[in-house]
Structures are given as C-alpha cells and as structure tokens.
Amino acid sequence: MLDDKTRAFLTGHAGHAPADEALWLSALTHGSTGEKRNYERLEFLGDRVLGLAVAEWLYQNSDEAEGRLSQRLNALVSRATCARIAREIGLGPHMRLGKQARDDGGEDSDNILGDVMEAMIGACFTEHGFSAARDMVRRLWSGTLTGKTGKRKHPKSALQEWAAGNRRRMPEYRLVDRSGPDHASRFTVEVHVYNVGSAQATANSKQDAETQAAEEFMRKFA
C-alpha cells in the first residue's frame, strides 16, 4: 500500500516501521480524494495526544506559572506550528490529495499540513501507544520546544495591553475577505484602534489572520 519512499519517511519520523499500512495511509489521505477512510478521525486523536505530550514536556521543563504555560502550549500546538514542522520534514509530497485540492495548492496549505501532521501522531499513538507518540512529538518538536515559540506575549494580548496603557479604545477585528476553496481558504482581517489607525493581514485561518494583523498594527503604530 505504501510506496518505499513514504514507508521510509514514516519509519524515520515515527521511530517504528508502519505495521498497519492502511492506518498510516489514511493518516496521509485528504477527503478530496473521495476515499471513505481519510485523516479526519486520526487528526482528532492526534491533536489531543500532541497537546498532552507538549503539556507534559512543559510541566517537566519549566517552573513558570499556569498562565505562561498555557500561552506556550497554545503556540506550540497551533496549526501554524504543526504546518511549519510538516514543511521542515518534507511532509507535503507524501500526502494524498485529490487533483483539485492539489491544483489549489493543498500540498502547501497550513490547514492540510497541520491536520496531517496531527493525524500521523494519532496513527503512531494508535499503533504503538502514548510513549511512542510522545517520543515522536519530542523528536519533531525538539527545536521548537527549546526555542522561543510561545515565550513572547501573544500579539493580540500585547496590542490590547498597549491600547489600555495608552488610554485607547480596545482593538476591533473585522473579517474583510474570505477566498479560496474550503480546504485552502484565505482570510483577510483588519484590526482597528479608534483615533490611531488600522492594519490588515491575510492567512489560512481567521485566528492566524487576526494574530498577524495585530503584529502588523504594533509594528506600524506602537
């Protein structure tokens, strides 16, 4: 079922050779293929396994308060982080996409890359248990866990505090545009602070667009 390159790719990153190839094939399969068994259920599971693995690592390696731990956790397991790691390991070419999804740029979509990354973690957990899935996460996330991801204040929180500190009204976010197919949507969001100005950003999710718009606003006006 799996070709030799994909089998080697999965073995290298999961730490175990795939035993149930149909399971791992489904982890790589997008719904646009029309196949009944795709990554969605494994992505649901992998998302939770990833969260627990990262939360455990943070608890063991940081003495920060709960609020700071939550801030880092949210950044470390975000779709953007999952997609970045997926790109770093070259996941895209191994994903199974329908022709339209591939033509629409699905191989480089944050949404799809992030989901398939989590589905792979879910497959590892299903086949080998939490210990193996945790080891997989720690290998793939090693540089990210020890880096600066999530350590700085979230841009939306920073903007809100800046507005309060400068006696300005709270920032208002507005969805300006949504384009592209469902599996590769692009969202453009504008953030506005009364009597100061506004900034826009475009990303693969509304949340990421808001975050980037807040960053752009702070760069322009703070």
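Leaving out neighbours within four places in sequence, E118 is in contact with L42, E43, G46, D47, L50, V77 and C82. The structure is a predicted model.

**The annotated site**

**E118 and E43**

- E118 is found in helix α7, which covers residues 110-128.
- E43 belongs to helix α3, which covers residues 40-61.
- E118 has a relative accessible area of 5% and is therefore buried, since the limit for that class is under 20%.
- E43 also counts as buried, because its relative accessibility is 17%.
- Apart from residues up to four places away in sequence, E43 touches D115, E118 and A119.

**The largest nonpolar core**

- This core holds 45 residues, of which W24, L91, M117, M120 and W141 touch the most other members.
- Two or more residues each come from α1 (4-14), α2 (21-27), α3, α4 (66-76), α5 (79-88), α7 and α8 (130-140).
- Helix α7 provides the largest share, nine residues.
- W141 touches L50, L76, T81, C82, I85, M117 and I121, if residues up to four places away in sequence are not counted.

**A second core**

- A separate core of 10 residues has L159, V193, A199 and A214 among its members.

Definitions and conventions: Residues are numbered from 1 along each chain as its sequence is written. This is a predicted model: local features need pLDDT of at least 70, side-chain atom pairs count only at pLDDT 80 or more; totals for chains, interfaces and linings use all residues. Side-chain values use heavy atoms; hydrogens and water are left out. Helices (H or I, at least four residues) and strands (E, at least two) are DSSP runs, numbered from the N terminus. Buried means under 20% relative accessible area, exposed over 50%, partly exposed in between (1.4 Å probe, protein chains only). Contact means heavy atoms within 4.5 Å. A nonpolar core is a set of buried Ala, Val, Leu, Ile, Met, Phe, Trp, Tyr and Cys residues joined through side-chain atoms within 4.5 Å.
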